[in-house]
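Please read this briefing alongside the sequence and the 3D view.

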Amino acid sequence: MTEERGRVQPSGVWATAVGVARVRALETARENALFHDPLALAFATAGGLGPDSALPPRGDEASRRRWLGVAFSIIIRTKFLDDLLEQASAAGVRQVVLLGAGMDSRAFRMDWPEGTRLFEVDTAEPLDFKASVLRQERAVPRCTRITVPVDLREDWPAALAAAGHDPALPTVWIAEGLLIYLPEDAVELLLTRIGAGSAPGSRMGLTLGSRGVIDRFGADAGPGSAASMWVSEMPEDPVGWLAGHGWEAEGHTLRERAAAYGRPISTPPQREERPGGLISAVRRPNG
């Protein structure tokens, strides 16, 4: 059986990771790309979203605007978290944990200092799918890459520890495009577990659904689409919320970061935009 024929095809929430890969592939092809992800096209193609896959038609302006809006947010958040990881590495952090890793290829596309260990936590299905594509592409990681096949609803900290994560050392945690799919109690549990595994000086990068995003994108979302599975928006005060979990956080808006990256949003905001959609945080010594 060929690699392709034996590959588990995307389904459910993790299938959205293939859509994210497609967006990253489109960005990589741009002349002034904010990042380069050489594996993104292979992930997208393997999942049925190759370069010839149709975008929403121009006749369906509402769907097209929604797709473009989500794609733009993926591009900006990818750059934001790339920068955060580079800053953490420069500060001496050598443990990286990607929660709900999906088709993330940072282990392969970023330059990592010697001694970096990167843990990819996700369920077995996306990790198996990803592994088949990586073998096909003969991809070689630039750090020690460790996959941790576990459902985030289960005891993933124990699985992470068994895979070699050391909570006594600083860690940089990334939850990209994840929390919006989790109900509020699951988000709180996730933050509690992250905190328990974070030595002082650990760092964290989060993306949160802005207030009202479910109303704007989810109301008429098609069955099986990413927006149809969104359930959680950011708290009213995300910085204060994270302070309660022992983190010193800074919140940023998509509009602010886009302007800083030379991709300003020309349309005025439909409502007040509060900082917090993109979060960087550092673990307090008494956290």
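Helix α1 has Thr 16, Ala 17, Val 18, Val 20, Ala 21, Arg 22, Val 23, Arg 24, Ala 25, Glu 27 and Thr 28 as its buried residues; buried means under 20% relative accessible area, exposed over 50%, and partly exposed in between (1.4 Å probe, protein chains only). The model is predicted: local features need pLDDT of at least 70, side-chain atom pairs count only at pLDDT 80 or more, and totals for chains, interfaces and linings use all residues. Residues are numbered from 1 along each chain as its sequence is written, and side-chain values use heavy atoms, with hydrogens and water left out. Helices (H or I, at least four residues) and strands (E, at least two) are DSSP runs, numbered from the N terminus.

- Helix α1 covers residues 16-28, and 11 of its 13 residues are buried, which leaves the helix mostly covered.
- From first to last C-alpha, α1 reaches 19 Å, close to the 18 Å expected at 1.5 Å a residue; the expected span is 1.5 Å times one less than the number of residues.
- Helix α7 (residues 184-196) also has its end C-alpha atoms 19 Å apart, which agrees with the 18 Å that its 13 residues should span at 1.5 Å a residue.
- Buried in α7 are Val 187, Leu 190, Leu 191, Ile 194 and Gly 195.
- These buried residues fall within an arc of 135° when seen down the axis of α7, so they line one face of the helix; the arc is that of the directions from the helix axis to the C-beta atoms.
- An α-helix has 3.6 residues a turn, so residues three or four places apart point the same way.
- Exposed residues Asp 185 and Ala 196 sit on the face of α7 turned away from its buried side.

**Strands and crossovers**

- Strand β4 (residues 171-175) is largely enclosed by the rest of the structure, because five of its five residues are buried.
- Thr 171, Trp 173 and Ala 175 point one way from β4, while Val 172 and Ile 174 point the other way.
- In a regular strand the side chains alternate between the two faces of the sheet.
- β4 runs parallel to strand β1 (residues 95-99), joined by four bridges, with Gln 95 opposite Thr 171; strands count as paired if DSSP finds at least two bridges between them.
- β4 also runs parallel to strand β5 (residues 203-207), again through four bridges, and Ile 174 stands opposite Gly 205.
- A right-handed β-α-β unit is made by β4, α7 and β5; right-handed means that, with the strands pointing away from the viewer, the path from the first strand over the helix to the second runs clockwise.
- Strands β2 (residues 117-122) and β3 (residues 144-149) pair in the parallel sense over six bridges, and Phe 119 stands opposite Ile 146 in β3.
- The chain passes from β2 through helix α5 (residues 124-137) to β3 in a right-handed β-α-β crossover.

**Ser 53**

- Ser 53 is placed in the loop between α2 (40-46) and α3 (61-90).
- Leaving aside neighbours within four places in sequence, Ser 53 is in contact with Arg 22 and Gly 48, where contact means heavy atoms within 4.5 Å.
- Ser 53 and Arg 22 are 31 residues apart along the chain, and their C-alpha atoms are separated by 9.6 Å.

**Salt bridges**

- The structure holds 15 salt bridges, each a side-chain nitrogen of Lys or Arg within 4 Å of a carboxyl oxygen of Asp or Glu.
- Asp 82 and Arg 109 meet in one of 2.9 Å, N to O.
- Asp 82 lies in α3 and Arg 109 in helix α4 (residues 106-109), so this pair ties together parts 27 residues apart in sequence; both residues are buried.
- Glu 176 forms a salt bridge with Arg 106, with the closest N and O atoms 2.9 Å apart.
- This pair ties together parts 70 residues apart in sequence, because Glu 176 lies in the loop between β4 and α7 and Arg 106 in α4; Glu 176 and Arg 106 are buried.
- Asp 111 forms a salt bridge with Arg 142, with the closest N and O atoms 2.8 Å apart.
- Asp 111 lies in the loop between α4 and β2 and Arg 142 in the loop between α5 and β3, so the pair ties together parts 31 residues apart in sequence.
- Asp 111 is exposed, with a relative accessible area of 67%, whereas Arg 142 is partly exposed at 45%.
- Salt bridges that share partners join Arg 24, Asp 37, Arg 77, Asp 82, Asp 104, Arg 106, Arg 109 and Glu 176 into one network.
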